[in-house]
Amino acid sequence: MYKIYTPFEQFELIALLKIMIMGLDITITNLSITVLLSLFFILSIFYLSTYELKLIPNAWQNVLELIYIYIITLVKDQLSNKGIKYIPIILSIFILILTMNFMGLLPYAYTVTAQFVITFMLAST
């Protein structure tokens with residue numbers, strides 16, 4: 001028999017490692033691996049940009065400062081000065097969504113934000 005391949009196969013959750021601990025199902029899937037890879041990527045970028053802080057910033061520090069300035073101006077334009085206290089959570093969610101969407105653009109990579117559960121969780125924060 002022939003197997004029919006569809007473009008929707010890239011959205012399937014595949015259980016890679018099934019673990020049961022005291023009745024609790026902790027299954028490692030392609031979704032959890034992709035989220036962990038994106039978090040590792042975010043942490044490594046932040047580490048590279050803050051490893052040796054200098055008066056004249058390096059390239060990684062420039063990128064993070066540009067993203068930070070963009071978020072600050074966006075928050076100030078929308079929420080005025082009352083929204084300054086929300087900048088850390090908005091910046092964190094923005095960088096997480098940006099990284100997960102960029103990882104979804106890689107060939108044969110899993111798009112995390114295509115799952116309704118992830119989108120709902122990020123919208124509810």
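I take buried to mean under 20% relative accessible area and exposed to mean over 50%, and I keep in mind throughout that what I am reading is a predicted model.

**Entry 1, helix H2.** With that cut-off in hand I went through H2 and noted Gln61, Leu64, Ile67, Ile71, Ile72 and Val75 as its buried residues. Looking down the axis of H2, I found that these buried residues fall within an arc of 135°, so they line one face of the helix. On the face of H2 turned away from the buried side I listed the exposed residues Ala59, Leu66 and Asp77. I then asked what covers the buried residues of H2, and the cover includes helix H1 (30-50) and helix H3 (87-104).

I checked the span of H2, residues 59-79, against expectation: at 1.5 Å a residue its 21 residues should span 30 Å, and the end C-alpha atoms are 30 Å apart, which agrees.

I noted the crossing of H1 and H2 as left-handed. Where they meet, H1 brings Ile45, Phe46, Leu48 and Ser49, while H2 brings Trp60, Gln61 and Leu64; Gln61 and Leu64 are also among the buried residues of H2 that I had listed above.

On the H1 side the contact is made by Thr34, Val35, Leu37, Ser38, Leu39, Phe41, Ile42 and Phe46, and on the H3 side by Ile95, Leu96, Thr99, Met100 and Met103. I marked Phe46 of H1, which takes part in this contact with H3 and also in the meeting with H2.

Last I looked up Gln115, which I placed in the loop between H3 and helix H4 (116-124). Is Gln115 buried or exposed? Its relative accessibility is 19%, and because of that value I count Gln115 as buried. Leaving out residues up to four places away in sequence, I found Gln115 touching Phe11, Leu13, Leu31 and Tyr110.

Conventions:
Residues are numbered from 1 along each chain as its sequence is written. This is a predicted model: local features need pLDDT of at least 70, side-chain atom pairs count only at pLDDT 80 or more; totals for chains, interfaces and linings use all residues. Side-chain values use heavy atoms; hydrogens and water are left out. Helices (H or I, at least four residues) and strands (E, at least two) are DSSP runs, numbered from the N terminus. The expected span of a helix is 1.5 Å times one less than its number of residues. Buried means under 20% relative accessible area, exposed over 50%, partly exposed in between (1.4 Å probe, protein chains only). The arc is that of the directions from the helix axis to the C-beta atoms. Contact means heavy atoms within 4.5 Å. A crossing is left-handed if the near helix is turned anticlockwise from the far one by less than a right angle, and right-handed if clockwise.
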